[in-house]
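This report describes where two ligands sit in a protein and what surrounds them. The sequence and structure come first.

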Amino acid sequence: MSTRGPNDLVGPRSVAVIMDGNGRWAKRAGLERIRGHERGIDAVRTTVTECARLGVQALVLYAFSEENWARPQREIDLLFKLLKRFLREERDTLMQNRVRLLHSGRRARLSPDVLGLLDETMAMTAGNDGMRLSLAISYGGRQELADGVQAIARQVQAGTLDPAAITEETIRAHLYHPELPDPDLLIRTAGEMRISNFLLWQVSYAEIHVSDVCWPEFGAEHLAAAFADYGRRVRKFGKVL
Ligand code: IPE
Ligand code: IPE
Ligand code: MG
């Protein structure tokens, strides 16, 4: 049953979010950076439940980039501690909202306990028929393309793929989650106007909404503003309308 209210706009089918500004929010409040990450969990919960309620089919949240491995080890450890807590504590919310959890990114550098919790939560929610939520963790857009190109090259080497037969569809089929629709709307918080290696292939025709609000403060009203902004966009996909 849809819970879309009469005043909710017909929104994007697929949404991606660069959750930025946790550190700045904490600094402004006179707190340690990690307190910003902690508060960011509340914004994640709100965004997930609101997107599910508004009928979004796929939501990708950028939680930890390949480049974020260069942060101080203490911050990395605390970020993964929070991620594990999120995976343990939000299972009920995910099940109640019929959300299916996925992971986008490389597994190689993730610890066994993070991978274990991710795998358990993905298995637990695999039968859910609602919104797909992909957490981009140890994710980089360039790395995703490099991983895909390696897999394609192996098929060429094995003689099962003719290089002349490589099309956009071949590349798409080798992304981490080819089944997810490209984002219609890309939201970035904390006012930064850059992509930071997120979904490079998939954002080709995404509408970009930059919110000045830092991620820990990003609430349902800010998401609604992003959707309203999206609703005013004219999407031409290169054509003349
Ligand atoms: C986003 O907040 C969270 C992650 C990248 C993990 P930041 O930690 O980048 O916060 P700022 O950009 O320093 O304010
Ligand atoms: C992008 O934010 C990565 C995530 C939100 C996980 P960053 O804070 O790492 O990006 P830059 O360094 O400002 O480009
Ligand atoms: Mg940042």
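The shell around ligand 1 divides into 3 nonpolar, 5 polar and 4 charged residues. The model is a predicted one. The residues that surround ligand 1 are Met19, Asp20, Gly21, Asn22, Gly23, Arg24, Arg33, His37, Ala63, Asn68, Arg71 and Leu79. Helix 1 contributes the largest share of this shell, 3 residues.

Polar contacts of ligand 1 involve both backbone and side-chain atoms. A polar backbone atom of Asn22 is 3.2 Å from an oxygen atom of ligand 1, and a backbone N or O atom of Gly23 is 2.9 Å from an oxygen atom of ligand 1. From the side chain of Arg33, a polar atom lies 2.8 Å from an oxygen atom of ligand 1. On its own, ligand 1 exposes 380 Å², and the protein buries 86% of that area. The elements that give two or more residues to the shell around ligand 1 are helix 1 and helix 2.

Ligand 2 has a shell made up of Ile18, Met19, Asp20, Tyr62, Ala63, Phe64, Ser65, Asn68, Arg71, Arg188, Arg194 and Ser196. By class, this shell holds 5 nonpolar, 3 polar and 4 charged residues. Strand 2, which spans residues 58-65, gives the most to the shell around ligand 2, with 4 residues.

| Residue | Side-chain atom | Distance to an oxygen atom of ligand 2 |
|---|---|---|
| Arg71 | N or O atom | 3.3 Å |
| Arg188 | N or O atom | 3.5 Å |
| Arg194 | polar atom | 2.7 Å |

Ligand 2 has 390 Å² of accessible area on its own, and the protein covers 78% of it.

Several elements each supply at least two residues of the lining of the largest pocket: helix 1 (22-28), helix 2 (33-53), strand 2, helix 3 (73-89) and strand 4 (132-139).

Methods:
Residues numbered from 1 in each chain as written. Chains lettered and ligands numbered in written order. Predicted model: local features only at pLDDT ≥ 70, side-chain atom pairs only at ≥ 80, totals over all residues. Heavy atoms only, no water. Near = heavy atom within 4 Å. Polar contact = N/O pair within 3.5 Å; in protein donor to acceptor, adjacent residues only side chain to side chain. Areas by Shrake-Rupley, 256 points an atom, 1.4 Å probe, with all protein chains shown as cover. Nonpolar A, V, L, I, M, F, W, Y, C, P; charged D, E, K, R; others polar.
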